[in-house]
Amino acid sequence: MKPVLTTPDLDDLLAARARTQETSILVQPFTLDTPWTGAATRVALTAVYELSGDSVRGFVTDATISAVDSFDGAADQCRAAIIDFSAPMRLTTVAVAKPWGREIWYTGVEARGVALVTDGRHASPLPWALALAPRHLQGDAPLTLLKVLDPSPRPTTGDLYFELHEHKREVYVVTHIDPIAWPTGVGAIRFGMNQDVRKGYADDERFKRDYLRAVTDYQSVRRAIDAGEDDPGLHTHEVELRQAMEAFTALRTLRAGDVVQVPPHVPHSLQHGVRVIEFQTPVYERKIISFTQRVMTQPHWDSDEAVSIMSLDAPPEPQFEQLHPADDGIHIERVASFSDFSVQRIRLREGAAITIPSNQHHCLAICVSGSIEANGIALAPEQAALLPASLAAPRLYNTGRTLAMMLIAGPAR
């Protein structure tokens with residue numbers, strides 16, 4: 001998300017403020033690239049800054065502004081969120097419908113939806129807010145994608161695409177197992193290939209060949225059903241072919257709190273009724289091997305190419321790096337460490353607080369359980385904030401009476 005703009009650098013603003021020692025308001029028109037709309041377009045916007053002491057606040061609007069008497073009044077009139085450069089930016093979500101359920105985006109910016117930031121009164125598109133001062137708000141790295149996956153609890157209907165990625169890395173943290181879908185509290189993810197079935201083959205190429213044939217056979221009956229054919233025998237055949245296809249794959253059990261690290265080339269499909277928080281590389285690329293209903297986002301599966309490049313080895317169990325012991329009521333572990341981003345899980349006992357060292361990078365913080373305050377911003381479960389790169393030593397504090405848990409993600413160091 002690299003904006004094309006003519007707003008002044010924040011350092012220049014602070015330097016100008018130091019010279020005048022007076023509260024001042026600066027109005028600056030600029031243009032912003034909007035590649036997420038699907039066309040090479042730009043939008044004309046206006047950035048408004050208030051410089052007071054050592055603080056800078058700003059907002060962005062698509063309204064034409066020539067002069068501002070009251071900073072807060074102008075922001076309210078434009079219905080724009082005010083961004084305090086020395087405080088976390090509260091993220092507000094956009095829900096995107098999926099055939100298997102829905103995704104809840106915190107930092108997603110696509111034609112299908114644009115995440116927002118809010119000051120509690122108004123909300124502004126996330127890319128507009130970041131354009132106020134990209135280097136100070138997000139640093140020199142793009143935002144990791146943060147979302148919640150919320151599959152339907154219905155079997156098959158709520159199972160995600162069985163897919164793989166060539167470059168994208170993902171990590172899931174399980175937050176809820178639907179008790180109707182999984183009465184024992186143990187859900188699942190289809191993850192990698194069945195190693196016992198694989199051992200029954202003389203070589204991997206024959207395994208891949210037979211698996212691809214099973215996928216192709218299933219796709220033919222899937223397309224017939226999606227086209228509207230209503231022969232009862234066809235639906236019975238669909239179940240038989242689906243079971244034959246899925247026999248080549250492996251299921252990994254999941255409980256609330258479990259972590260799944262998804263490296264490139266590993267086929268995976270989160271199963272129905274398993275809700276997760278997901279962080280992922282900010283690129284859109286995938287190859288669909290199979291799906292148990294109609295694919296709405298593309299006209300075809302990518303089975304041939306995906307099977308040819310998929311990893312057959314069993315995915316390793318996640319290994320966590322312990323960063324802080326739990327003996328003082330604060331426990332920190334790194335639950336994912338990829339080449340482009342890492343994720344830490346932080347547990348805080350009642351009344352505990354921790355300061356995150358400043359590292360010139362932004363962080364994304366999302367509360368998993370309990371009540372956490374991040375530099376004055378209260379976060380309940382599944383509420384998230386962007387901790388700007390310019391925010392020195394962000395502080396997290398458990399304001400509740402139970403153990404609180406938070407996930408923090410940022411660029412790999």
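How many salt bridges does the structure hold? The structure, a predicted model, holds 27 salt bridges. Notes on some of them, and on the nonpolar cores, follow.

1. The largest nonpolar core has 48 residues, and within this core Phe279 and Val343 touch the most other members. Leaving aside residues up to four places away in sequence, the contacts of Phe279 include Leu145, Leu146, Val171, Phe341, Val343, Leu364, Ile366, Leu407 and Ala409. Thr144, Arg169 and Glu170 are also among the residues touched by Phe279. Another core, of 42 residues, lies apart from this one, and its members include Val215, Val262, Leu270 and Trp301.

2. Glu170, one of the contacts of Phe279, also forms a salt bridge with Lys168, with 3.8 Å between the closest N and O atoms. Glu170 has a relative accessible area of 2%, so this residue counts as buried. Lys168 is at 6% relative accessibility and therefore buried.

3. Glu246 pairs with Arg190 in a salt bridge whose closest N and O atoms are 3.5 Å apart. This pair links distant parts of the chain, with Glu246 in helix 7 (residues 232-246) and Arg190 in strand 15 (residues 187-193), 56 residues apart. Arg190 counts as buried because its relative accessibility is 11%.

4. Helix 7 also contains Glu238 and Arg242, which lie 4 residues apart, about one turn of the helix. The two form a salt bridge, the closest N and O atoms being 2.9 Å apart. Glu238 is buried at a relative accessible area of 7%, and Arg242 is buried at 15%.

5. A network of salt bridges links Arg102, Asp150, Arg275 and Glu382.

How values were computed:
Residues numbered from 1 in each chain as written. Predicted model: local features only at pLDDT ≥ 70, side-chain atom pairs only at ≥ 80, totals over all residues. Heavy atoms only, no water. Core = buried A, V, L, I, M, F, W, Y, C linked by side-chain atoms within 4.5 Å. Buried < 20%, exposed > 50% of the residue type's maximum accessible area, 1.4 Å probe, protein only. Contact = heavy atoms within 4.5 Å. Salt bridge = Lys/Arg side-chain N within 4 Å of Asp/Glu carboxyl O. Helix = DSSP H or I, 4+ residues; strand = E, 2+ residues; numbered from the N terminus.
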